[in-house]
Amino acid sequence: MERHAERRYGEKPGAGQTPGRVTTRTVPYPAGDEAKFLDIHTSTRGGPCVLLWHGLGPDERDVLAPLAREIAALGPTVLVPDWRSDRPDEGRAHLAGALRYVLDRPDVLTDGPGPLIVAGWSAGAGAALGVALHPELFPGPRPAAVVGIAGGYLRPSRTTGTVPLRMLDRGVPPVPVRLVHGTRDTVVPHTSSRELRDALCARGWDCELAEPDTDHAGVLGCVYDPAGDRCLPSADPAVRSVGRATARVVVEVARAVA
């Protein structure tokens, strides 16, 4: 079953960039012994593919929808799967299933097979980096780049069970890594991303960190709703501007490796 929703995402793009018309469709993907849902955001502009994982909240692909549409409006195809950290395997089968779905379905790309950028927010960030650090655990090509958004890298990755900051000397070839972390983040301290950036750069990796003046939800262009214990799209233009800046970080590295 597929659910289709088509809309134009009307935010202003970066300088010299024209937004494309974004179409979103929802498809099931196999994850272990069950099926989960995944949103595919595509644009009339066309571009590389970004797999974008949400954080610890169960089945929160909708939380990343505003950021995903911002990214897709500038070209890349963005896939945002549901996954659940409260499973006995802490979500590993769901995350691995989403990765396999993307690698096995090059037709989801606007322009055919191309490089895959793996990105994630909060716990999804460590999951994304884990894929690049442990290529032996995952079939198919490694990610061409990784983007970590408000991630903690001294915690075990949900894709590998290992701590990313302790796995940097494994000798795997480097890939570009881009990090975004709000300086007012009280959920995951922004010093976590600084420590990862410094450690990667010291080992010769291409790594850059953007530090907007915002919190854990603001990097997505969202605001945290304590009543619902959920991040919701913000109506504040300043907050939404931060989300657009995060999208541009993803788009720029995606274009660089395409």
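**Exercise 1.** Locate Asp185 in this predicted model, then work out which partners surround Asp185.

*Solution.* Start with the chain: Asp185 sits in the loop that runs between strand E8 (177-180) and helix H4 (191-202). Next, look around the residue. Leaving aside residues up to four places away in sequence, Asp185 touches Ala150, Thr214, Asp215 and His216. Now check for charge pairing. Asp185 is buried but has no salt bridge. A salt bridge would need a distance within 4 Å, whereas Arg155, the nearest side chain of opposite charge, is 8.1 Å away.

**Exercise 2.** Compare the reach of helix H5 with its expected span, and find what covers its buried residues.

*Solution.* Begin with the length: H5 covers residues 237-257, which makes 21 residues. From first C-alpha to last, H5 reaches 31 Å, close to the expected 30 Å. At the start of H5, a side-chain oxygen of Asp236 comes within 2.9 Å of the backbone nitrogen of Ala238. Then pick out the buried residues, among them Val239, Val242, Arg244, Val250 and Ala254. Their cover includes strand E4 (49-53), helix H1 (65-73) and strand E10 (222-225).

**Exercise 3.** Decide whether Trp53 is buried or exposed.

*Solution.* First place the residue: Trp53 belongs to strand E4. Its relative accessibility is 0%, so Trp53 counts as buried. To finish, look along the chain: Pro81 is 28 residues from Trp53 in sequence, yet their C-alpha atoms are 6.5 Å apart.

Definitions and conventions: Residues numbered from 1 in each chain as written. Predicted model: local features only at pLDDT ≥ 70, side-chain atom pairs only at ≥ 80, totals over all residues. Heavy atoms only, no water. Helix = DSSP H or I, 4+ residues; strand = E, 2+ residues; numbered from the N terminus. Buried < 20%, exposed > 50% of the residue type's maximum accessible area, 1.4 Å probe, protein only. Lys, Arg positive; Asp, Glu negative; His and termini not counted. Contact = heavy atoms within 4.5 Å. Expected span 1.5 Å × (residues − 1). Polar contact = N/O pair within 3.5 Å; in protein donor to acceptor, adjacent residues only side chain to side chain.
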